[in-house]
Amino acid sequence: MHRYDDLTELLLQLGDSAMVQAQRLCELVGGAPALEEEVALMNVGLDLVGQARNWLEYAAERIADGRSADDLVFHRDQPEYRNLLLVEQPNGDFGVTMAKQFLFDSWHYAMLQSLCDSADARIAAIAAKSLKEVTYHLRRSSEWIKRLGDGTDESHQRMQAAIDQVWHFTFEFSMPAEYLTELEAQQIIPGASTLHQRWSETVSAVLSEATLTQPEPAARNYLSGREGLHTESLGYILAEMQFLPRAYPDANW
Amino acid sequence: MPTGDLIASDQPAGDPKEIDRAWQVLDLVMDPEVPVISLTDLGIVREVEWRAGQLRVVLTPTYSGCPATEHIEQSALSALTDAGFTQVQIEQQLAPAWTTDWISERGRERLKAYGIAPPVGSAAKPSLDKAVECPLCSSTNTKEITEFGSTACKALYQCNDCLEPFDYFKCI
């Protein structure tokens, strides 16, 4: 499998994660539990598409093989995607949708906070822009976790089941030592070594206020979004997302 | 200023007075989604200058995914071209990130008159005291209905006194 330099791989991870999460949210058009919720989910998705474009335009410039950000999104196959495994998981019920959103937002927030101080000025600029939006996303998803967790017996039980169901994929939030050392040494991600700790503190505080039980730290396994080793869900997402530009390569608005 | 003054002069390149004129042109370009507030009112025009014989205009997007970004760029370009600026270079710049603190006083008044509550307080100095005023009856007895509204930059509120729902321009 082809690997780019660490910085480009990071851009792909950030861009692909935002893109796949946005695509999952788009599936809820016409299917959210309330109109206001649907508007909110789509707005979060829209922010993420914009962020994905910023990251992937930078990635495309660094890859410099003539592909644009659009080409990266529509013409790469599953093993070339670098997104977190969490975001490709199905939406499930509203509890699962919000559990995924919350766990992603809290990781995203901790990551962007670090990237605001990146030695790479373009990364720092995109991160500072994105952080404003993601702060809002995290506040909203945290509120839902608390409202459902500390709600009725049924909402509590279903929110707990949702967290338990997707928690497994948070193993990717702690980076393998070889990346950590490298990315911190180059100051691409300042504070990379405390990222997992900061994420974990946010999650603990929200889950405890939501009267939910935090599962044991998730164990690493053979899957890895960073290595392009995805769950089967990603293939279905790409099939839907990429069909039109692949079937009609000259299609335009 | 009468619009006649905005029509092309012969060779504007390099003339500092032309920079002022370019700002005036941009001040007449409205946001496509909130057509009462101009690009300069929104605070998204970051710089206008001469560079290598070209008029360089630096814009910053409001939100990363704002679908109006390209539209705004096109509107600014055609307004400047119509006003006689032949060599225009429009650039997008992300840093420093746009904040609602850059919306002008006039912009805030125009938002309110249009029925959108302007951002309350300052993004630079966040405060908990965030009473949003109803743009119709000016009551501060209002409630948030959802954190997102018809566009990414707005949230949906309702007035508890006059009962009207309204958009609130989020403070970021």
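**Chain B, order of elements**
I read along the sequence of chain B and wrote down α-α-β-β-α-β-α-β-β-β-β. Chain B has 4 helices and 7 strands. My helices (H or I, at least four residues) and strands (E, at least two) are DSSP runs, numbered from the N terminus.

**A note on the model**
This is a predicted model, in which local features need pLDDT of at least 70 and side-chain atom pairs count only at pLDDT 80 or more, while totals for chains, interfaces and linings use all residues. Residues are numbered from 1 along each chain as its sequence is written, and chains are lettered from A and ligands numbered from 1 in the order in which they are written.

**Chain B as a whole**
I looked up the extent of chain B: the C-alpha trace spans about 55 × 35 × 25 Å along its principal axes. Of the 172 residues in chain B, 34% are buried. I call a residue buried if 20 or more other C-beta atoms lie within 10 Å of its own, exposed if 12 or fewer, and partly exposed in between, with C-beta atoms placed from the backbone. Next came contacts (two residues whose C-beta atoms, placed from the backbone, lie within 7 Å). Among the contacts in chain B with a separation of 6 or more, 52% join residues 24 or more positions apart.

**Helix α1 of chain B**
Which residues of helix α1 (residues 16-26) of chain B are buried? I found B:Arg21, B:Ala22, B:Val25 and B:Leu26. They sit on the same side of α1(B) because they cover an arc of only 140 degrees around the axis; the arc is taken from the directions from the helix axis to the C-beta atoms. The buried residues of α1(B) pack against α2 (39-42), β1 (45-51), β2 (54-59) and α3 (69-82) of chain B. On the face turned away from the buried side, I noted the exposed residues B:Pro16, B:Lys17 and B:Asp20.

**Where chain A touches chain B**
I then turned to the two chains together: 20 residues of chain A are in contact with 15 residues of chain B. On the chain A side, the elements giving two or more residues are α2 (35-63) and α6 (121-149). α2(A) gives the most, with 11 residues. I sorted this side of chain A into 9 nonpolar, 5 polar and 6 charged residues. Here Ala, Val, Leu, Ile, Met, Phe, Trp, Tyr, Cys and Pro count as nonpolar, Asp, Glu, Lys and Arg as charged, and the others, Gly among them, as polar.

**One residue of chain A**
Last, I picked A:Arg198, in helix α9 (residues 192-209) of chain A. Is A:Arg198 buried or partly exposed? A:Arg198 is partly exposed, because 17 other C-beta atoms lie within 10 Å. A:Arg198 and A:Thr213 are 15 residues apart in sequence and 18 Å apart in space, C-alpha to C-alpha.
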